[in-house]
Structure formats: structure tokens, C-alpha cells
Amino acid sequence: MGSGSCAGIILKFSNWVAPGGVKGMLKIKALASHLFILLVFIFLARPAFAAEFPASIPYGETAVFEVEVGRDGDYEILVKYKNMQGQLLPTEAEMRIDGLETVPELKRLKFESVWLSSGEANTDRYGNEMPKPSIQDGKIAEKRLDDSSHRISEPLLISLSAGRHELSLKSVDGTIEIYGIEVVERQEQNFTQGDASGAELYVIEGEDLLSANEPSVHASGEYSPELHPYSAGARVLNFLDDSSFSKAGTRVDYEVDVGEGGWHNISLVCRQAAKTDFPVFVDVLIDGEKKAQSRIGYSKDFQIQALKLENGNTGSFYLEPGLRKISFVISSEPLKPIYDGAQKAMREMSSLATEITRLTGGVSQDKYRDYRLEDYIPGLAETLERWAGECRDMAEYAKKYSGGKRSSVFSALELCEDMLLKLAEEPEDLPRRLGELSEGASSVTRHLAQMVQDMDNNAVGIDRILVHQQDAELPEQKNFFEKLWDGIVRFFLSFSRKEYSVASESKGSLRIWMARPRPYVELLQSMIDSEFTAKTGIRADLSVMPDQGKLALAAASGDAPDVALSVGYVLPSYLNIRGALLDLKQFEDFTEVAQRFPEGLFIPSIYEGGVYAIPETMNFWVMFCRTDIFEQLGIPVPNSMEEVKMLLPELQRRSMNFYFPTAGMIGQKLFPATMPLIVQSGGGFFGSEIGATTLDSEKSLAGFKELTDLFTVYDLPVEVPAPGFYQEFRSGTLPIGIADVSTYNLLLNSAPEIKGLWSVSLFPGLTDESGNIQRYTTGGAESDMIFAQTQMEEEAWEFLKWWSSSEVQARFGMSLQSLHGGTYMWNTANREAFSQLPIPSEHKAVILEQTDWMVEVPWVPGTYMVERELSNAYNSVVVDGIAVRRAMDTAVKRIDREVFRKLEEFGYSNGGRFETPSVSALGQGG
């Protein structure tokens, strides 16, 4: 232990404190019944705990430790730990000291794993190099507790008095094993500089990573002669990917074998195109010890940049002989004043807008009314001027790092200053201009929020790392003529290389088209070659499908693939009625395969008792809630639509509201927004047979009225313009609402300032007569299907069984996220596979429960008209003020006319009908 460290670490007790509920009660009873045995175990375990018996802390549970501090002072806390093997996400935890939250940063701690490079790259069937997923290091890691937002580079300092203290560590997400805790004094850092004279040069390839603290950090390849290595014929991995080395706190480690010790400079052949006219900050560590903080300037192409110190001088680093580890960590510490200032201003502006709304009662458009705001909010003009001054000060502070020049990254600050000064000129008019302050798409708070998001982009790509002395001869950049010649070579080669296209398909192989970008196709083709073909002997060629609309033309011309993947979930309904698809029920084990997915997702692909597609991914709809705002207001999170309505007055008098999905659908309102409340009311779209719609039934009308009343009676926002609910949720003006997987992905990966301050809950459905809450929603996303003209039916079905299996879906999702980052979330429809994906455990449990309520509208001839006219009826009621029944009667007439016309077109003449698609076709009930 370091000086000032505790004399020993003691496990106080090993009973895990579970969250409430039945599980917690059972543990309390178990503790009472076995207390004596537990005490004996603890007594025996205490002396040897730190060295021999690691404490495993599963998700949601707590361990309490004791530490001894020799004297009063400020200390760092060093934790020795290991995350559960196979856990992609870092363990998130919170710590209390003596039962208290002593430092805010201790509420959100991250314990990252070390991810080792897996060595040589994979090569696809076309000779292109592909990065391998990183390998989790199984060794015990050490971490000094720090700010998880990485706006402070140094470890946290905790004030502790002399004596014994309790440290309780609770896992908020993930499972972690604790091998020891030390309380140590901070060692003063001394960034000394020396003479780097000499001619030594060591070159490290950017793609040759030793390790990283994120599994998604990876190498990539570009066809550019500026990069090394380079091949014009096939892609080679030749740089550290910018997008993977972008977030504050991301660390990359490299190794260099130093011949003779001495002072060296470090230069990077790198690209930093994230921030125009502004640097990205990087901490430089040698053998794990921070030696300097450097800046990487803007460059849209790869250029040599020497790592410079804060004073602008080139930094020098002393390297001992032998293998040395050089690490780079993205830092946002220099911008902390701007982060803190912008977020503080946004909170204060939101609070002022709430106060004004409370005073005016929400009636703020009357231009003849004098609100006398200065009588109720003294110093209003001064407050607006103070905010303008703070924006000006932040803009001036940013110029400190951009050579005194204005940077486009912070241009919003000058705009906000001007807007605030104009508002300050006439503060009495503020109730009518709240849209300029905090509520509009171009408000001050919206500009500040977007600026904070832009600040989080710190992407740096690294081609080579040059460890050199002053007289070393550095590599030269390619000149114009070399680049021109390479362009000519690449142009002619493009005529012969047809990768992942129909032209590259080989005879006798299963032809598979996938409607996904190339990274998805490359990964799946690699898995097919190494796993599926190796296991079954069936060869399969995967091709990128840029346009799903061409599938119908391909089927009509007899050139359809054997299998189509990732097609829109509605598309099979258009193809199956034309006889283009194979009925999957003909396979004996279909029922077994179908059980992998929510039953309701099959409905669009069912036709006359046959099933013509299986779900691939799902689009879940859940409720999002800003828990910090609700806790501050003392308002419980609603569980049903009835509770939502009771909640609205509390929100609206504070200038907040509830978001319903129709508000984000500009123009036509789609089924995911219009269907849920109708079905939850017991209504539907058709009867037992396809014919006249039942939308005008009493139950359907009741559900439709529930939907429109939300806007006409309860005053929910009718439209939320782009960027929509995501941005309003971040700012707090819409602290609760219903949204889908795309919003979830954005909040999880692009809203670091509210991380840990929001939660997801089940869809707040309608309560039925029995008191049960009905939570039905849609959930369709993409599906997979086999074409009827295939000559390889059994092989195609064997592939779909393999591809849709829990094991393959989970491995594909984890590999995708490991290689490309958290934004590449694979929302598989296979529920067992979804339970294994690297998603926060609390969220995963809610989403999986919501899948039990997923059901789709039957997509039959004319269903497009049902969706369109239901949207028109909604607009007629909400926008035009037409009565509910009158609007629905008009819609029903148009729907029936179109449905019967389509039935006749497809051979169901004279008003003929066929059975409504139902999950009973799956052969498993329901």
C-alpha cells in the first residue's frame, strides 16, 4: 500500500442487500434463520478476505467493507477488481461512505475491463482484412475511483477522518468481483521535460493495438495511399478507427521496444476531423502513469502532429530501455467550465420558464396583457443579462484553446448571447417569447444542448505513432502525383471487384440478400463461412440489398434470391398474397422455431393459415422517464393511462408535458401510435374474416376516443418538431413519454449528461373492467423469408434455423457491438438472445416483459388504407375539431371501399372474404 493507506481491508459482512420486493424479503428471512452460521462464516473469512476470497457483487446487490485510516486527510480510493467474463459493458456501481453520499461522482462509478487485441486480422472471402473482436483480459485490474464523465482527469479525492470507515459498494449494472480496496494519498505529479536530442525512431502502427478499455475500439481500413500499410487491390487494416476512439475516457494502449533509454518526442500520424478549428485533448501515459496532456488539432486528412504541451512546446517523454507501454486517453477536462456552465444555465432557464408558466397560468399569447413579471421575479432583466454574460465568458474561454479565434463548435454561445440580450431588453414580454428561451426548436436551451452534444465528439484516427528524437528522419507524406496515380489504379480495379453483390454469387450456393449496410453483411458472411458452412457443408453467398422494392421485380422475373434477410416486416404481406414466398409451416420443426419469438410479430406474415416469414428484429415501445425530475417534484412514475392523466396537471403547471408517439410523426400517424389504445380498449381492425373493418365498433371507438382525448382534452403536445422527443427529454421539458428503440439507442449512447438519470417502464396501458392493465403495442421491425422459386428449400430453412437461433443471434449482436460500439445495438426478436445482449440489466428486464404485449395489425389487401384513414380521422378530430364518430364513419367508408376493391383484385370476388391472420396459424395456440 502507498503512504497513508489503511492498515488492512476488512469484509464487514457478506449478506447482499437486494432491492425490495419478494426477493429482498426472502433474503431477510434467510438471514434471520441462519444468522449464527452467517456470523461464524464472517468471523472466519475476515482475516483472509482480501487475499484469498474475492467478493462477488451481482447486479442490484451491495457489499459493505471497512477501511482503517491513519490520519485526517484527502485520499484516493484504489479498487482491485475483475468484471464477469463475457461482460461487454463496464460494471456500473455506486459507493457510500459511512452510509452517506459524500461526493456526487461516487453515485456513478464505472469499472471497465481491459480488452486485449486478438492479434492478426480476419480475412474475408474477397481478401479484405476485417478486425477481430477484442478479448477480455481475465487478470485482476486496478482503478483509482474517478469521474465517470471524465471531465476530471485526476482520481477523486475523498475527505476521510482518522479511524474506521464503512465503504458500501452497490452494483447498479453488471457483476463485479472485488479483490481489495486501498485508501492512498495522492502522489504529486511532476511533468518534467528533458533534452530529446538524438536520431532514434520507433514506428508503431495505429492498428496494432495492445489493449483498450472499450471492446469497440478497433482498427479499420481505407483505400488511401497516405496510410500505411496500403493495398490498392484489397482492403487492409491500416489505422485506428476514428469513430471507436471518440468518447471522453476511452483509452488505447500500445507497446514499444526501446533500445536505449532517454528523452523522446511523440508524434502521431493522425486525423481529427471532429472539431473544426478546435483541438481534441488527449492525456499521454507512460507505463500507466500520466505524463502530459496534449492537444490534437483539426485535420481532415492524416497528417503528422507532434504532441504539444499546454504551453505550446513539443513534449518530451523519458523512456527506459525495454518494452514500454504508451497510452492515450481522450480527455474533456479542459472544457469542464463550458460543460458545467452550459448545463447550469439550461437548468436555470428551464426553472425560470416553469416559474413564468406558473405565474401566467399557461396563458401567455395575449399581447394586450401586462404580466408585471418584475413584481414577482425581481431582477429578471439582470438574470437574462447574466446568462448572456456567462455565454460570452464561455466563448472567450474556448478561444484560449483555438489560438484566440472563434470556433464553429462554440458558435452557439455567441448566438445565445445575442438572443438573451434581446430578451433582456423587454423582460415583460418574456411570457410571449418563451419559445426563444427554452421551449422552441431554436431556443437558447436547444442551442446549448446541441453544443454540448457536439462537444462530446472527439474522434481521432491514428495511422502511426512515431516515438523519436529531434534529429530522426520522419516518414514523408505522399505527394499529389502519387495520389493521382493511385486513383487511376483504383478506378480500373473497380470494374473487376464485385464484393457482396449479386455478381459475386457462385453456382450451387445458397443465394441470400440482406437489407443492411456492409458492416452487418461482412460480419454475417464471416460467421456463415466459419460456423454455418463448416457445420452443415452448405455454402451461402451473402449480398448487400440496397433496395427492398426490387424483391417483387426479382420474383416476377424469376431471379429472386433463395433467402431475403432484414426486410421490412410489412413486405412479406405484399409478396405472400402474390405467391412469391414459401410457407414455412411445411417444415416439421417450424413450431419449435416459432417459439423463439413473440407470437404477435407473426401476424403480418400470416396468410390463409400459412406463415411466410419469421421475425428478425423488433421495435419495442416503452415509457421513458427522467427519474431525477420526478424525484425532485415528488411525483410517482405512472403505471397506467389513468395515472398519466392524473399526473398531467402537475407537469403542465410547471411547463412540462407527456409525450405520445403521434407527436413525433409529422404527416401520417402510423400504427405504432394509433393502434395501441384501440386494442387495449378491446377493439380491433377486422372481425373473424377480412371484410368490413370493425373500427366503428363501440370498443374501437372508445379506444380511438382515448387517443384523441389526450390532445383535445388533456393538452398533450400535438407536434414535437425535430430533433423531437429525444432532445426535449434531455432538456427536461418533456420528462416522460412513450418512444421506441431508436430513442432508446440515442439516449443510451448520445446523452451522457443525463446518464443514470432516466429509466424505462412498461407502456402505461388502459385498465380494463377487471382492473388489469392492458399494455398492447406494435413491435415489428425486420423479418426473414424464403422465396417460393428456390431450388434449395431444405438448405434455406436450415440456414434460417441457424441464423434465428439464440446462440447465433446473441453472438452476432455482441460481436456487432464489440466491433462498432454501443450504437450498433442488435434488437433481435429472439427473446432468449435479447436477454444475453450487452444492455443495462434493468432496462432489459422491462423490454423483455413488454414483448409479451407485442401484437401487430393484420396486413391484408387494403391495410395501407386502414393506416392512412385512421391517421386522417385522428387529424380530423385533433386538428380540425370534428366529432370522433363522424371522423371515424368517414374513415370506415373509405377503408371498406378500398379493402373490397383489393379483395376483388386478388380473386376474392363479389365481396368474398378470407380468414383474419391470427397467431393460431403458428400451431402453438394463442
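This is a predicted model: local features need pLDDT of at least 70, side-chain atom pairs count only at pLDDT 80 or more; totals for chains, interfaces and linings use all residues.
I started with helix 6, residues 380-399: its 20 residues reach 29 Å from first C-alpha to last, close to the 28 Å expected at 1.5 Å a residue.

Next I looked up which residues of helix 6 are buried. I got Leu380, Ala381, Leu384, Trp387, Ala388, Gly389, Cys391, Met394, Ala395 and Ala398. An α-helix has 3.6 residues a turn, so residues three or four places apart point the same way. Then I checked what covers the buried residues of helix 6, and the list includes helix 4 (336-360), helix 5 (373-376), helix 7 (411-425) and helix 8 (434-439).

I noted the crossing as left-handed. From helix 4, Ile338, Tyr339, Ala342, Gln343, Ala345, Met346 and Met349 meet Val444, Thr445, Leu448, Ala449, Met451, Val452 and Met455 of helix 9. Sorted by class, that contact has 12 nonpolar residues, 2 polar and no charged ones.

Last pair: helix 26 (residues 863-878) and helix 27 (residues 884-905). I have their axes 9 Å apart, at an angle of about 165°, which makes helix 26 roughly antiparallel to helix 27. Helix 26 passes helix 27 in a right-handed crossing. Among the contact residues I jotted down Tyr864, Glu869 and Leu870 of helix 26, and Met888, Arg894, Glu898 and Lys902 of helix 27.

Definitions and conventions: Residues are numbered from 1 along each chain as its sequence is written. Side-chain values use heavy atoms; hydrogens and water are left out. Axes are lines fitted to C-alpha atoms, for helices over the stretch in contact, and angles run from 0 to 180 degrees between N-to-C directions. Helices (H or I, at least four residues) and strands (E, at least two) are DSSP runs, numbered from the N terminus. Angles under 35 degrees count as roughly parallel, over 145 as roughly antiparallel, 65 to 115 as roughly perpendicular and the rest as oblique. A crossing is left-handed if the near helix is turned anticlockwise from the far one by less than a right angle, and right-handed if clockwise. Contact means heavy atoms within 4.5 Å. The expected span of a helix is 1.5 Å times one less than its number of residues. Buried means under 20% relative accessible area, exposed over 50%, partly exposed in between (1.4 Å probe, protein chains only). Ala, Val, Leu, Ile, Met, Phe, Trp, Tyr, Cys and Pro count as nonpolar, Asp, Glu, Lys and Arg as charged, and the others, Gly among them, as polar.
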